Amino acid sequence: MRSGVRVGVDVGTVRIGVSRSDLHGMLATPVETVQRGDGDIARLAAIARELDALEVIVGLPLALSGRATASTEDASRFAARLAIALPVAVRLVDERLSTVSAQAALRTSGRSSKQSRPVIDQVAAVIILQHALDFERSREIPAGIVVDPDEGLES
């Protein structure tokens, strides 16, 4: 397992959930929710710098069938913009059902949908990042695909 903090990102149309790992890549924890729009890339870049991130993991929302959707294209474009702004790798990782899992986890903890709104995106980012960490630990290779801002996506 590579040593270094990873930043997890759940890209939504209104909000962006942000999470981080510990230095050893064992555990993902919530960081904050960033409003989508002007300054979102700059804020994420600042978080990555503040944490001295090894890489940024962006959730790629695919349909259950594995096909691309409008959200898939949006997340891919967002990740490409982020890759241009950052000096570290940006990886896209399959995030099917991360928001559903986050909602279920918050419901189980006794939070209503209304109470969950401020943190749901952060919890989804934690789930995305934890999945990537677990994948890397079990397979000994980083999860997902690297976003190359000059060439598109590469494995």
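Guide: A residue is called buried here when its relative accessible area is under 20%. With that cut-off in hand we can read this model, which is a predicted one.

Visitor: Which residues of helix α1 (residues 40–50) are buried?

Guide: In α1, the buried residues are D40, I41, L44, A45, A46, I47 and A48. The cover over these buried residues includes β1, β2, β3, β4 and α2. After α1 comes D52, whose phi is positive, near 50 degrees.

Visitor: How many helices and strands does the protein have, and in what order do the elements run?

Guide: There are four helices and seven strands, and from the N terminus on they follow the order β-β-β-α-β-α-β-α-α-β-β. Of the 155 residues in the protein, 43% are buried. Among contacts with a separation of 6 or more, 62% join residues 24 or more positions apart.

Visitor: In which sense does β4 pair with β1, and in which sense with strand β5 (residues 89–94)?

Guide: The pairing of β1 with β4 is parallel and runs over four bridges; within it, V9 stands opposite V58 of β4. The pairing of β4 with β5 is also parallel, and it runs over six bridges, with V90 in β5 as the bridge partner of V56. Between β4 and β5 the chain passes through α2, and this β-α-β crossover is right-handed.

Visitor: How do I look for empty space in such a model?

Guide: Rolling a probe the size of a water molecule over the atoms shows where empty space is left. In this structure, a search of the whole model finds one cavity of 30 Å³ or more, and the largest cavity has a volume of about 30 Å³.

Visitor: Which residues line the largest cavity, and which element gives the largest share of its lining?

Guide: The largest cavity is lined by R6, E55, I57, L129, A132, L133, E136 and A143. The largest share, four residues, comes from α4, while β4 and α4 each supply at least two residues of the lining. By class, this lining holds five nonpolar, no polar and three charged residues.

Visitor: What is the volume of the largest pocket, and which residues lie nearest its centre?

Guide: The largest pocket has a volume of about 270 Å³. It is lined by 14 residues, of which D10, V11, G12, T13 and D121 lie nearest its centre. The elements that give two or more residues to this lining are β1 (6–11), α2 (70–85) and α4 (113–139), and the largest share, three residues, comes from α2. The lining of the pocket divides into five nonpolar, four polar and five charged residues.

Visitor: Where does S21 lie, and is S21 buried or exposed?

Guide: S21 lies in strand β2 (residues 15–21), and its relative accessibility of 0% is why S21 counts as buried. With residues up to four places away in sequence again left out, S21 touches G4, V5, R6, L27, A28, L129 and L133. Of these partners, R6, L129 and L133 also belong to the lining of the largest cavity.

Terms used
Residues are numbered from 1 along each chain as its sequence is written. This is a predicted model: local features need pLDDT of at least 70, side-chain atom pairs count only at pLDDT 80 or more; totals for chains, interfaces and linings use all residues. Side-chain values use heavy atoms; hydrogens and water are left out. On a 1 Å grid over the protein atoms alone, a cavity is a set of points where a 1.4 Å probe fits but cannot get out, and a pocket is an open set with protein on both sides within 12 Å along at least five of seven lines; lining residues have an atom within 4 Å of a point. Grid points are joined across faces, edges and corners, and a volume is the space filled by probe spheres set on the points. Ala, Val, Leu, Ile, Met, Phe, Trp, Tyr, Cys and Pro count as nonpolar, Asp, Glu, Lys and Arg as charged, and the others, Gly among them, as polar. Two strands pair if DSSP finds at least two bridges between them. A crossover is right-handed if, with the strands pointing away from the viewer, the path from the first strand over the helix to the second runs clockwise. Buried means under 20% relative accessible area, exposed over 50%, partly exposed in between (1.4 Å probe, protein chains only). Contact means heavy atoms within 4.5 Å.
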